[in-house]
Every structure is written in C-alpha cells, then in structure tokens.
Amino acid sequence: MKIDGVPYRSVWVDPEDGWSVRILDQTRLPWTVEILRLTEEKQVAHAIKSMQVRGAPLIGAVAAYGLALALRRDASDAALESVAAMLGRTRPTAINLRWALDRMLRALRPVAPEQRAAAAYAAAADIAEDDVETCRRIGQHGLPLIQEIAARKPGQPVNILTHCNTGWIATVDYGTALSVIYQAHDAGIPVHVWVDETRPRNQGSALTAWELGKHGVPHTVVADNAGGHLMQHGQVDIVLVGTDRVTRQGDVANKIGTYLKALAAHDNQVPFWVALPHSTLDMSVRDGVREIPIEERDAREVLETTGQTWDGRIETVRTAAPGSAGANPAFDVTPARLVTGLITERGRCDASEAGLLGLYPDLATAA
Ligand code: MRU
C-alpha cells in the first residue's frame with residue numbers, strides 16, 4: 001500500500017545491502033514514519049516484543065527474516081533451533097509466529113549449514129509473498145458481503161465497525177479485515193468505518209485511523225465502549241475484525257474487547273465477520289477459551305497513555321490514579337457461536353470445524 005503516494009510493504013530486505021531487514025516502526029505511528037534497520041535476531045525479538053512490528057501475520061514474517069539474519073553469523077543446527085525457539089517466545093497468542101518459524105525449520109533443517117542463510121532468506125521471502133497474495137484474496141472474498149449491504153441501502157454508506165488494526169501494517173501488505181474495506185472503497189462502494197480506539201495501546205485510533213486516512217477511506221474514531229450503543233441505533237451494518245488464532249471449532253482469539261463487540265453484535269442482529277489467512281488457523285486446539293494462551297502485557301500500558309503534545313513532542317503520561325494496580329490481558333476469545341462467518345483466502349465459511357474443513361480439507365489431519 002502507499003504512504004503519500006510511495007508504495008511500501010511492512011517488512012522488506014534492504015535493496016542497498018541485500019541482507020538487512022527494514023520495518024516501519026509502528027510505535028512511532030501515526031506521528032512519524034520511521035524506518036528501522038534490523039541486523040541481528042536480538043533486534044528482531046525486541047521489535048516484536050515492543051510492538052515496533054505487530055499484527056499476527058507480520059510478526060510471523062518478521063521472525064522468519066530474524067532467523068535468516070541469525071544464520072548469516074552461525075548456521076549450525078544448534079543455532080537454527082535455539083534462535084527459532086527464542087523468536088517463538090516473543091509473543092504467545094498469535095499462532096502465525098509459530099506457523100512461520102515451523103515453516104522455516106522444515107525448509108532449513110535438511111539444508112547444509114553453508115547454504116542455510118541463503119535458503120532462509122528465500123524461505124522468508126516466500127512467507128512474505130504468500131502473505132501478500134493471501135491478504136489480497138481475503139479482500140476479494142469479503143467484498144461481496146459489503147456489496148450486498150450496499151445494494152440494500154443505495155446512496156448511503158455501508159457502516160463497518162472494526163477493532164484493533166488489521167490493515168496492511170499488520171500484515172506484509174493489504175491487511176485482513178481492512179483488505180476487505182480497501183477493496184470495497186476502491187470498487188467505489190461508499191463505506192464509513194467506525195474505528196474502535198482499542199485501548200490500551202490504541203491500535204485503532206493510532207494505526208487504523210492513520211491507514212484509512214492515508215487511503216482516503218471515511219472513518220470515525222470511537223471509544224471502545226461505543227459499539228453497543230451504535231449497534232442499538234442501527235449505525236453499524238457489519239462488524240469486521242481480524243484474528244490472532246482460530247481454533248478447529250471456529251473460536252476466535254483477537255485483541256482484547258473483540259468478544260464484547262461480538263456479544264453486542266449478536267444482541268442486535270448485526271453480522272460479525274472475522275477475516276483470516278491460513279497461517280492463523282490452529283487445528284491442534286478446539287476450545288479457544290480454555291486452550292489459547294492469552295498474552296499478559298505490562299500493566300503500565302493500561303495505567304498510562306502515549307500521545308503527541310500540541311508542540312509536537314511524543315509523551316507518555318499516567319492516566320490512572322496514583323498507586324492503583326493495573327492488569328493487561330491483551331487478547332480475548334470470541335466463541336464460534338457468536339461469529340457469523342470467516343473470510344479466508346479460499347472463500348467464506350461458517351465458524352465451525354465443518355466450515356473450516358470444507359475450505360481446508362488438507363488440514364483435516366493437522367494436529
Ligand atoms: O497486539 P497486536 O496489535 O499485535 O494485535 C493485533 C490484532 O489483534 C489483530 O486484530 C490481529 O493480529 C489480526 S489482523 C492482522
């Protein structure tokens with residue numbers, strides 16, 4: 001996608017030196033577009049943990065490049081396994097991280113150490129290209145949902161509520177739920193997006209709003225708690241979110257607060273759709289509430305907030321009462337029964353084992 005007319009991806013190999021890895025520092029958005037140069041696996045681990053890069057598909061792709069960087073210095077079997085394990089520990093909820101590292105290990109274990117670094121760059125590039133094409137297709141398969149709503153209300157915008165950031169900066173390009181919105185907008189359908197602020201880290205008000213603004217998509221930032229009210233008053237036609245892990249039975253882990261949106265949507269008969277690439281499927285678990293590990297982040301993210309002062313400085317201030325403790329579960333699980341359907345690169349399906357296996361028969365035996 002483009003920033004001020006210049007095409008970008010969310011991760012790429014520096015064309016100047018051919019080996020260092022470039023990312024957009026998402027902790028600096030929306031205030032400044034800052035590109036970071038990563039040269040070793042420790043920087044990659046830090047970038048993922050500190051959320052300089054974030055979004056389920058993107059952290060998988062960046063971790064893959066992290067492994068390639070490490071293998072330039074030490075391509076032994078021991079290094080391959082230990083660096084993959086270290087990168088895999090950076091964030092626990094998004095399964096895409098493990099998916100990407102497992103795919104790298106499968107590709108690299110049989111390769112002789114002297115050829116491993118080159119093979120790792122090629123395998124990481126495959127993961128990145130796979131993600132770009134996958135996300136483009138997700139947008140295509142979601143588009144008819146928006147077209148159907150638009151056909152029912154000619155001349156009026158389709159109001160879409162979204163949570164967190166599921167755009168091109170959460171993936172390698174295009175995004176997941178936002179890929180659907182971009183394709184609808186580009187097809188000339190009038191859309192308007194209610195952007196949940198997404199406390200505590202404000203991925204909605206900082207990142208989604210920035211992305212939509214750069215693409216010219218009409219949008220309005222709302223407090224996280226506004227969705228139910230908007231739905232009660234007919235101001236939301238569809239909820240579109242992404243996910244960090246979908247279980248075999250169709251339960252959906254996503255940014256904290258997604259479950260409450262699904263409950264409100266269910267109560268108001270608003271369709272609640274979830275967009276995901278194949279790399280987000282975890283067919284080894286069934287019951288998302290019991291089985292998906294939920295990342296607990298630093299409580300300071302809840303007790304404080306970061307923003308730009310009127311004179312341009314980026315500052316973090318405490319908003320909670322002095323001395324109060326905080327808790328920061330970063331994700332929740334929406335049970336399949338509250339999900340209208342899933343949008344994937346292979347088409348749409350019910351949030352159920354039968355629905356998923358209809359699209360992914362090749363994953364039937366995946367454990
Ligand atoms: O903590 P984050 O910002 O990495 O969480 C991201 C999300 O919850 C997204 O909705 C999710 O990764 C799916 S969209 C690519």
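**A ligand and its surroundings**

Hi everyone, let's start at the ligand: a polar side-chain atom of N254 lies 2.6 Å from one of the ligand's oxygen atoms. That is a polar contact, meaning a pair of N or O atoms within 3.5 Å. The protein covers 99% of the 410 Å² of accessible area that the ligand has on its own, with areas taken from the Shrake-Rupley method with a 1.4 Å probe.

Before going on, please remember that this is a predicted model, where local features need pLDDT of at least 70, side-chain atom pairs count only at pLDDT 80 or more, and totals for chains, interfaces and linings use all residues. Residues are numbered from 1 along each chain as its sequence is written, and side-chain values use heavy atoms, without hydrogens and water.

Back to the contacts. D244 also places a polar side-chain atom 2.9 Å from a ligand oxygen. For A56, a backbone N or O atom lies 2.9 Å from an oxygen atom of the ligand.

Now, two last stops along the chain. A cis peptide bond joins L29 and P30, with omega about 10°. Another cis bond runs from R199 to P200, and omega there is near 10°. Finally, look at M51: its phi is positive, about 65°, although M51 is not a glycine.

Notes: Polar contact = N/O pair within 3.5 Å; in protein donor to acceptor, adjacent residues only side chain to side chain.
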